[in-house]
Amino acid sequence: MTATSVAARPAVAAPRTARPRRRSRLGPIGRVLAIIVIALYCLAPFYWMIVSSLRRTSDIFDNSLLPTTWSLESYAQVFSGSSNFGRALLNSLIVATTTTTLALALGIFAAYAISRLNFRFKSAILAIVIATSMFPGISVVVPLLRLFSDIGWINTYQAMIVPSLSFAIPLAVWNLTTFMKQLPYDLEEAAMIDGATKWQAFRKILLPLAAPGVFTTAILTFIHSWNEFIIALSMVNDPAVQTATVAISKFTGASEFEAPYGQQMAAGVIVTIPLVIVILFFQRRIVEGLTSGATK
Amino acid sequence: MRQGRQKRRLIVGAALLATATMSLTACASGSGSTGGGSTPAATEELSGRGPITYVSSPDASGAAQTSVDAWNAEHPDEQVTWVELPLDADQQRQQMVQNAQIKGDAYTVLNLDVVWTSEFAANRWIVPLPEDALPTDELIPATVDAATYADQLFAAPYYTDGALLYSRTDLLTAAGVTEAPETWADLQAACDKVLALPEAAGMSCYAGQFDKNEGLTVNFSEAVASAGGSLFTEDGQPDVDTPEALTALEFLVDGFDSGMIPQDAITFQEEQGRQAFQEGKLVFLRNWPYIFNALSKTDGSSAVAGKFGVSPIPGEDGPGVSTLGGRNIAISSFAENKATALEFIQFFTGQEQEESRLELSSRAPVYGSFFEDEAVVAKYPYLPTLLSSLENAAPRPKVVQYGETTAAIQDEVYSAISGDKSPEDALADLQASLEEIVG
Amino acid sequence: MTAAPIVPTLKTPRGRSTTPNEGRTASLLLSPTFLVLALVILYPLLSAVYQSLFSAESGLDEQGFVVEGDVFVGLRNYLDIFAGSESGRFYNALWNTSFFTFVSVALETVIGVAFAVAMNRAFRGRGFLRAAVLVPWAIPTAVSGLLWRWVFQSNGIVNTLTGTQVLWTAEGFASQVAVITAEVWKTAPFIGLLVLAGMQIIPEEVYEAAKLDGANAWKQFWSITLPMVRPALLVAVLFRMLDSLRMFDLPFVLIGPRKESVETLSILAWESSNQLEYGTASAFSIILLLYVAAIAFVFIKLLGADVVGSGAERKQRKARPAAAKGVSR
């Protein structure tokens, strides 16, 4: 293998998933131990959540490691009554998907501009973008509520999507800029010398290389937007448009003092497990899709 | 994100005997413009008919929904849409205040905690109701008072709530105690006897709600009132640096010191106390009527089913004084179709609907007659005790800055019961901060 | 063969001079971002700045109704925060905010990097591990706050398992530990995922070369992995800091409002606004904004000059020799 950049291209650009992974140098026991510790740390509280969701309302505070009496009562309650949790899940999906797509689109453009084009004030632009992540969320609600009621956005999806972008865009811009800066420019340059347009160089070479960064940003912004609460609560009062987190806040026990703990835990399980499965599933598909351009 | 905080703002019965605000003339340095200007006493005509919204906390019992459905069946052109707010009381208030700030017309009829009523009325976020709007002489007087501000009725009482003392009657009987304790000394004496029993090993005597939360304000003011004091003088000035308040605070502080109140009760809100009592860890518990059903469950979840009783809370020299909880229904100032709203309120809080809701919901009605109805009492055996508790409750306070007042009370009382301050210092500091808030 | 194939590829378009054409393309590509951000942030920000100069001096008229009217007070709201009678509370909240941020972000960084290292290895069950790491971040904050509250309550599972009677949700150091535990658990995956993405673009050749030179796993980590994921790690830490400095939900749900040992600046802002003191609430928000901005500025200046602006090549040059050195030794 020669040490020229052209020769290095396929090696760098090939999708990592297709290559044999680096083997761990840790002893097998140490490795297994480390993985068990990490999984336990992440999952133990989640286990408690699942167990709690499977108890009866009346013995919800038990500390036994398995429910003394198993019950799906909490799950039934989540989907019964006025909350229409299925609809709320769909709304969350719409809001989070749109937010993520928009943030990625805008973020990729902006990151490309900052990392690949020559112009002034780059630092200032990055500073302004991140500064928007610094204002406390609770202070944004009332002005936005006033603004959105003036323009008739109450009870609309965009009233939830646009504010969510204020977290998603800075993360996308910063993360993708870092990524693209780190990726070698020579490959694109070589492609353009071979006659590719800037767009083609971007689409076929840079984007596939940046796939891990794009995908991670997508996961993080998707979940962040999926979990947003106070804006979604304030901008929407129509149950047909409300999101899952808002629906969860409206669960109630038999009286207003009684925390609907089992229902909340059940709802937590319901929103978390499919989310994780879907993300892992899409991870393969999206990374493959993005990298397919490079291998052609 | 705060569903867990089952806060409830409560009218602080006798304790906050405050007409604090009345003595205040505008101290606004004169530079502010006088909002609304003219005489607020003149009830403006409530006009406009059409669809409205009912903005309320969620109701799992479905009782309120049946009332709304009944109205909608009869009024096809004046439909009521239920706008459900989160379970957390702070969040409910926050949403309603936000709506008032932007003068939004999305909210028509508001379901207000009794302690928000003064604040909403004083800010003119809700409109006064016509004098003859409600059959006020059939309602429990304390509830009407809690819906009145500046001598005007601003809301219709919806349901009410008060304190009960839950006792382990089985253990009391075994220890030879036949009467429910009327005074704190009785309470201590009964505990001494019960805790000497072998079957009471590991139990504690008494708990209430002592976490830094609305519950602490409630428990402290009940204690002060039950010691014969009050937190405000008749003309609304704070008056907490008193022997009565000291007796009350020492009852709590000494309770923690002596172990009469278990150490972990300092983290108790309503549910944690319920849980401890239900697991058989407490002889006595101050709580609301809502836990009665959970304690009576015979599915194995309650260790005390059939072994407990209720009585009015005890005091220093005799029966104690409860606070008043519950909810009021009012009309937002910024809404349209106020005439429909008024009619809906009359329908919703009318005796007929209150009665039909009793089938589904254990929330205490505001009509005194139900408390003597045999069929109703058979279903909710604690109601007569609750009524005497409510009748004992003194006139309601009119604190506009309720949020700041209750925060100050919680701060100082919590420092005292957690041992950071002596009771004397805590009360002196509380007096100072209340003077600042009111004055 | 060393990392040589990579080094020559590290040219970026920096070297060339600015062309007006590219400037136009750039502004075209950047303008949608700025449009959205202006809509969502600029208006609330200006409105907060304006509001913070006023105070609702509302008293009550003779009938007991609130006399409305905001009074212009200039910077008095700020002065009151810094030097008024309640200033102790402000400094306490400032300390809590900084303490929580420092401790939890430090822990998250260590744990997050460990996650990333583990996830980046090939082994059976890697998919399961990734799912496990995603879970804490994926649970809605509203629900996980409650979960932790019950886990930490006086007769909750933590006290049962450890056989102690610690009052985690009361006050003091125990409550700070509870908040930090929950915060680190929830957000370490954030850092883990971003760092993992950074690791995935490290070319295999670098490691191959290092292995040939006999570098052990630990050495590879310090001399290759860490320098090369540095930009990604810095961005992750930066965003975690910004978020953590605005921490609100966890202390509020887990421990409660007005608890001295866990009160943060965001909670103070919320509390003022809850008591209808919008001027003070806005002033708190502005102060918090400036504080966050200052911390971010110092952080970038000290550690991440290469993240912003023109530092890209410099970082690469720094990373490479380090890698090469580590490898050749």
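Author: Happy to. One definition to begin with: when I speak of domains, their bounds come from an automatic or database domain assignment. Also keep in mind that this is a predicted model.

Reader: How many residues are in contact between them?

Author: Eleven residues of domain 1 of chain B meet twelve residues of domain 2 of chain B. On the domain 1 side, helix H3 (117–122) and helix H14 (383–392) of chain B are the elements that give two or more residues. By class, that domain 1 side splits into five nonpolar, four polar and two charged residues.

Reader: Let's stay in chain B. What is the strand order in the five-stranded open sheet?

Author: The order is S2-S1-S3-S11-S6 in chain B, with mixed pairing. At the edges are strand S2 (80–84) and strand S6 (156–161) of chain B, each of which pairs on one side only. From one strand to the next, the twist averages 20 degrees.

Reader: Nice, found it. What about helix packing: at what angle do H7 and H8 of chain B cross?

Author: Helix H7 (residues 214–226) and helix H8 (residues 243–258) of chain B cross at roughly 125 degrees, and their axes come within 8 Å. H7(B) and H8(B) are therefore oblique to each other. Their crossing is right-handed.

Reader: Which residues make the contact?

Author: H7(B) brings B:Phe220, B:Ala223 and B:Val224, while H8(B) brings B:Glu244, B:Ala245, B:Ala248, B:Phe251 and B:Leu252. That contact has seven nonpolar residues, no polar ones and one charged.

Reader: Switching to chain A. How do H4 and H10 of chain A pack?

Author: Helix H4 (residues 85–116) and helix H10 (residues 211–226) of chain A pack at an angle of about 140 degrees, with axes 8 Å apart.

Reader: Why is H4(A) called oblique to H10(A) rather than antiparallel?

Author: The angle is about 140 degrees, and only angles over 145 count as roughly antiparallel, so H4(A) is oblique to H10(A). The crossing of H4(A) and H10(A) is right-handed. Among the contact residues are A:Ser92, A:Val95 and A:Ala96 of H4(A) and A:Phe222 and A:Trp226 of H10(A). By class, this contact has eight nonpolar, seven polar and no charged residues.

Reader: What domains does chain A have?

Author: Chain A is divided into domain 1 (25–71) and domain 2 (75–295). Their centres, over C-alpha atoms, are 29 Å apart. Seven residues of domain 1 of chain A are in contact with six of domain 2.

Reader: Last topic, the chains. How many residues are in contact between chain C and chain A?

Author: Chain C gives 91 residues and chain A gives 93. Helix H1 (residues 20–51) of chain C contributes the most to the chain C side, with 18 residues. That side has 66 nonpolar, 17 polar and eight charged residues.

Reader: And between chain A and chain B?

Author: There, 27 residues of chain A are in contact with 31 residues of chain B. On the chain A side, helix H6 (141–150) and helix H11 (230–235) of chain A give two or more residues. H6(A) provides the largest share, four residues. The chain A side divides into eleven nonpolar, ten polar and six charged residues.

Note on methods. Residues numbered from 1 in each chain as written. Chains lettered and ligands numbered in written order. Predicted model: local features only at pLDDT ≥ 70, side-chain atom pairs only at ≥ 80, totals over all residues. Contact = placed C-beta atoms within 7 Å. Nonpolar A, V, L, I, M, F, W, Y, C, P; charged D, E, K, R; others polar. Axes fitted to C-alpha atoms, helices over the stretch in contact; angles between N-to-C directions. Parallel < 35°, antiparallel > 145°, perpendicular 65-115°, else oblique. Left-handed = near helix turned anticlockwise from the far one by under 90°. Pairing = 2+ DSSP bridges.
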